[in-house]
Amino acid sequence: MKKKRKPKPKYDRVLLGGWFDVVARERGKVAWRERVKNGLTEAALELAITQLQDGEATLNWGFGLIDNDDFEELAFTDTLETHAGWTEFTDYTVVETGSATARPQWTPTHPVTNQLITTDSASTFEMTVSATLAGVFLCNSVIKSIVLEKICWATGLFDAPRHLPIGGTITSGYTCAIEVG
Amino acid sequence: MPFYEATYRGPGKPWRLRLRNTIALEGLDHLLGSALDAQAPFSRPTYISLIAETGFTEISDEDTAASHAGWQEFTDYIGSTRPVYSSTLDNATLTTSTPAIFTLTASGSIRGFFMVNNVGLAGANSKGSSAGVLWSMAASDESHSVSRGGVITVHYTLKAAGGHR
């Protein structure tokens, strides 16, 4: 009689997920708000899970914007250096510092509680040109020109392309949660 | 849940277990914090040890390395320190590269396993220590007998995935 093969056991995973809370203002008034669900990249998941092996502290997280021009898609394999389906929108200054070369910094709450980490203090983009944006991302580089070997932690798409005039601002927060499922 | 796989060979009846585990909330907080917030990260190595049948009532995701009212550690194996768990990473999955091996010095009964990391601080490798961050535990539905001279070998697998909220 043929032996029944045991099915390969399935195992569940550590799940990481989060969202961006984005507020846009024009002439100081709220123009729109959106909670943008995110997708974590492969590099982000590997960064997280390797903390169990031999973790290394990752500092200096920054927000970036995804240009709607030529936007095609987000990919799980996107890195800050290579993201074939989208380009970064960089025509802004950081309101808090006046810098034209920096990305707005993400400052997380400390410590993590209830398996959640979120934004401690806001950081804001101010458009230097009229912009049409597809989405937002979080990365571990706070300087626009530094992309080599940098991780794109998460990307998120707006429900529809978002327009902002010169001088319009975007403030983004980010929350990440961890659970088992 | 990720899982432990363990075998027992030696005097008495051999057994094999595959246990889905409970990840400690302390461990989840620490993993998220060490990835995103420069919290003292987990460091090599990570240690695995045994949960005793004696006094066992339950494991809980609220257990910590310092406090686990429902279980105690089984420490009757060779050496003063907990065995090391070494892993390899592939496609956001950790699998065992070097399993944890326990050579038993007394007979008894085992209920499960746990994993702890010293997060760069001293002490979590010592048997019976309450130091470090508890990552996970697993408990069988029943006890499993072991004998002096027997060997338990333990593997652990963990996968990470992204989810939208």
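Reply: Start with one pair of residues. Thr46(B) has Asn117(B) as its bridge partner in β9(B). This is a predicted model.

That pair belongs to a longer run of pairing. Strand β4 of chain B, residues 46-52, is joined by 7 bridges to strand β9, residues 108-117 of chain B. The two strands run antiparallel.

Look at Tyr47(B) here: its bridge partner in β6(B) is Val84(B). Strand β5 of chain B, residues 73-74, is also joined to β4(B) by 2 bridges, again antiparallel. In that pairing Ile51(B) has Glu73(B) as its bridge partner.

Now the surroundings of the strand. How many residues of β4(B) are buried? The count is 7 of the 7, so β4(B) is largely enclosed by the rest of the structure. Buried here means under 20% relative accessible area.

Next, the place where the chains meet. Chain B and chain A bury about 4,100 Å² between them. Of that area, 65% lies on carbon and sulfur atoms. Which elements of chain B give two or more residues to the side that touches chain A? They are β2 (15-20), α1 (25-36), β6 (84-90), β7 (93-98) and β11 (151-162). α1(B) gives the most, with 9 residues. By type, the residues on this side of chain B divide into 20 nonpolar, 14 polar and 8 charged.

Both chains contribute to the contact. Chain B supplies 42 residues and chain A supplies 47 residues. As for specific links, the count of salt bridges between chain B and chain A is 0. Polar contact is found for 4 residue pairs between the two chains, with both residues at pLDDT 80 or more.

Strand pairing also crosses from one chain to the other. Strand β1 of chain A, residues 14-26, pairs with β11(B). The sense is parallel, over 3 bridges.

Step across to β6(B) through Tyr47(B) and Val84(B). β6(B) is among the elements on the side of chain B that touches chain A. Then go to β11(B), which pairs with β1 of chain A.

Notes: Residues are numbered from 1 along each chain as its sequence is written. Chains are lettered from A and ligands numbered from 1 in the order in which they are written. This is a predicted model: local features need pLDDT of at least 70, side-chain atom pairs count only at pLDDT 80 or more; totals for chains, interfaces and linings use all residues. Side-chain values use heavy atoms; hydrogens and water are left out. Contact means heavy atoms within 4.5 Å. Buried area is the accessible area (1.4 Å probe) that two parts lose on being put together, summed over both. A salt bridge is a side-chain nitrogen of Lys or Arg within 4 Å of a carboxyl oxygen of Asp or Glu. A polar contact is a pair of N or O atoms within 3.5 Å; within protein, one must be able to donate a hydrogen and the other to accept it, and residues adjacent in sequence count only if both atoms are side-chain atoms. Helices (H or I, at least four residues) and strands (E, at least two) are DSSP runs, numbered from the N terminus. Ala, Val, Leu, Ile, Met, Phe, Trp, Tyr, Cys and Pro count as nonpolar, Asp, Glu, Lys and Arg as charged, and the others, Gly among them, as polar. Two strands pair if DSSP finds at least two bridges between them. Buried means under 20% relative accessible area, exposed over 50%, partly exposed in between (1.4 Å probe, protein chains only).
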